[in-house]
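Please look over the sequence and the structure before reading on.

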Amino acid sequence: MRLKFLSCIAVMVLVGFTACQDSDDVGENYTTFTGETISDFVENNAEYSDFAEALRVAGAFSLLESYGAYTCFVPDNEAMEAYASEQGYGTFDNFLDSVEAVKEMVFYHLIDGEANGVPYYETAGFESGAIETKNMLGRYLYTSIASDGASWMVNNTARIVSGDHIKVNGVVHVVDKALAGNTDLVADYIESEGHFKLYGEALHATGLRDALTLLDDETYVPATSKPADDPYSGSANFPKTKNYRYTALLETDSVLALNGIRSLEDMRAYARTYFPEGKDLPDTDERSSLYRFVAYHLLPVMLTSNQIVNTRDYVMTHTWIDADWLRENYRDGSFWLEQYLVPMADQTIITVQAFKWGDQDAQKPVFNDERNCYDAKYTNMAEEEDDVVTLDLAHSNLDCQNGVIHALTDMLVYDEDKIGRIMRGKRIRMDFTIFTPELRNNDVISNKDYYVPQGYCKNFKFEESSTIFAKYIGSNMHSFFLGDYLEIWGMFDASITVGPVPAGSYEVRIGYRVDAATRGITQFYLDDEPCGIPIDMRLKGTDASIGWEQVWQFTQDNSGAWWDEGSREDDPYGYENDKSMHNRGFMKGPDSFCSRELMMGQSGGIKGSTRNDPFEMRKVLGIFSWPETSTHEFRFVQMLNGNCHLDYIEFMPTNLIESEDTH
């Protein structure tokens, strides 16, 4: 999350920064602050009179007279005239006669930050990828650095020629071209864009094209009344929509050709190498080699380039304190933070990290790589870019009506042996929202709270009633992995399909936060096997049955000072306490993420990470072994009325437990 204005002020207060630093030097911003509103700005400058008139026709002029946190991209008159001509209206006056078209154009240029609980967006907060908050048509706007390195581009078509005009109700960025959204569906754009023609043929051959034409579930109707038993009902709402969205990670035709794939038959032969069990099945069979190869490149969730690896600024290796200090203290070269993508090919998974590239402090995702891209040599990954599968940003972030397309620099393949080596070589920590793509597709994953209706998520199952309901929680000061979590209330019997996880033997754990007032007692099952005795999520780590002890392991506070307050002389790092807790079936939270609360010391001192928070716990569910890569049914049954907190699940290879770090 890189929002300048309000959020940068918040970060300065929280962690002692004296200035907001942007990583990308793209030249001078033109920042002013007057008593003007955005509507005043466009009305008082004759060169934007066409856009002002369009605002009036669209009924948006009065909107921009009111207080708020709007980000407005304003085309000048020349750009507006060109837009009218390009859209087939001939003249701008003719365009104004088409009120619906004018509304679509106007609201495509506006982001309403206040309605989404965020401030407006200055150029200092831009990064390569999507602006975090969608525009008022529900579409992402994409920013990138222009080829001259001195300005920002929007949607790769419009240059910001005069940015950061701060108004009392937001910010204006003047662009040299009117913005227009692509209305193609993902499947159609793959066929027509020009760089993915072979994949267009493969979508037809496999029948996967039909899946990529889904847009929204018209049968979904949001509930009008909130659960009566929810004591916090005022903070949550039901999702407004149930949209289908997709991400296509595709090699371009030129990349395919470099790997000997110049025809659909070549692609079939290549696919048989990685999915030999389906070599004799027809292409339309979901088990066939070609179907699985193509489906492995498709995700049932829309992820822009900067969302593929996205910590939402809650993972310590990305923010909060000096980055060099964090890399030194929270990386050991063996265990590193990684995220996972679950593609449309059954029982397959994609691992993804981020690595630094170019001369800027920017990151790109790298897929299915056995190396630790955050180790001491991670800066060399820029030199080794030809050796990784990452995004070709020149042909990525191709926005469609129901998703986005990204081009790859090399072949993305499901090598089961390689994936097994990657995932069995470290702890696998998966946020539960990985398994509920419907939440991100419908803007539920945010800084707000939402109810999750029964049947809304394919992998999240429960029987809804007047006393049983599920929620996504995204707005909280407490420390949660990636800043959010799921919870379910009442006397429920629910389950989430997790994974897939490679074959092997694992110690399985869950992460949760204690709440003595609202939590209940929950029995967990994995593949119908009971996971020990029920867990009482009301018990703080300091309870005698858990045995948590405070550890101040050289924690840096927000003034740069160092603390080792309260350390036990005989166990200064808390390792003996870790063993004692583990013997009881519990673990402290990881030290690789924290929260605003912990950095401010609102729970009794500058703790610095969840490892020093007795409310952040991990529960060991048991040892499980699986003969093949597969998903698993994680079931939770409430034994004492209350709620169950679902933050993340961990799969720790049993051969690595003795050498495990605290991250």
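The points below go from the whole chain to single residues and pairs.

The structure is a predicted model. The protein has 663 residues, and 56% of them count as buried. It contains 17 helices and 34 strands.

**Overall figures**

- The protein exposes about 26500 Å², and carbon and sulfur atoms supply 48% of that area.
- Among contacts with a separation of 6 or more, 70% are between residues 24 or more positions apart.
- The count of salt bridges comes to 30.

**Negative patch on the surface**

- Glu 53, Glu 81, Asp 93 and Asp 97 gather on the surface in a patch of negative charge.
- Of these residues, Glu 81 is found in helix α4, which spans residues 77-86.
- Glu 81 counts as partly exposed because its relative accessibility is 37%, a value between the limits of 20% for buried and 50% for exposed.

**Helix α6 and what covers it**

- Helix α6 covers residues 99-108, and its buried residues are Val 102, Met 105, Val 106, Phe 107 and Tyr 108.
- The cover over these buried residues includes α3 (49-58), α4, α5 (92-96) and β3 (110-112).
- In an α-helix there are 3.6 residues a turn, so residues three or four places apart point the same way.

- Asn 45 is found in the loop between α2 (38-44) and α3.
- With a relative accessibility of 22%, Asn 45 counts as partly exposed.
- Asn 45 and Asp 76 are 31 residues apart in sequence, and their C-alpha atoms are 9.7 Å apart in space.

- Side chains of opposite charge can pair when their charged atoms come close.
- Arg 272 forms a salt bridge with Glu 265, with 3.7 Å between the closest N and O atoms.
- Arg 272 is partly exposed because its relative accessibility is 31%.
- Glu 265 is also partly exposed, because its relative accessibility is 41%.

**Buried salt bridges and their network**

- Glu 660 forms a salt bridge with Arg 509, and the closest N and O atoms are 2.8 Å apart.
- This pair links distant parts of the chain, 151 residues apart: Glu 660 lies in the segment after β34 (648-653), and Arg 509 lies in strand β24 (residues 504-513).
- Glu 660 and Arg 509 are both buried.
- Another salt bridge joins the side chains of Glu 650 and Arg 618, at 3.1 Å from N to O.
- Here too the pair links distant parts of the chain, with Glu 650 in strand β34 and Arg 618 in strand β31 (residues 616-626), 32 residues apart.
- Glu 650 counts as buried because its relative accessibility is 0%, and Arg 618 counts as buried because its relative accessibility is 4%.
- Salt bridges that share partners join Arg 427, Arg 429, Glu 507, Arg 509, Arg 618, Glu 650, Glu 660 and Asp 661 into one network.

How values were computed:
Residues are numbered from 1 along each chain as its sequence is written. This is a predicted model: local features need pLDDT of at least 70, side-chain atom pairs count only at pLDDT 80 or more; totals for chains, interfaces and linings use all residues. Side-chain values use heavy atoms; hydrogens and water are left out. Patches are made of residues with over 30% relative accessible area and no salt bridge: like charges are joined within 9 Å, nonpolar side chains (Val, Leu, Ile, Met, Phe, Trp, Tyr) within 5 Å. Accessible areas come from the Shrake-Rupley method with a 1.4 Å probe; for residues, only the protein chains shown count as cover. A salt bridge is a side-chain nitrogen of Lys or Arg within 4 Å of a carboxyl oxygen of Asp or Glu. Lys and Arg count as positive and Asp and Glu as negative; His and the chain ends are not counted. The place of a charge is taken as NZ of Lys, CZ of Arg, CG of Asp or CD of Glu. Helices (H or I, at least four residues) and strands (E, at least two) are DSSP runs, numbered from the N terminus. Buried means under 20% relative accessible area, exposed over 50%, partly exposed in between (1.4 Å probe, protein chains only). Contact means heavy atoms within 4.5 Å.
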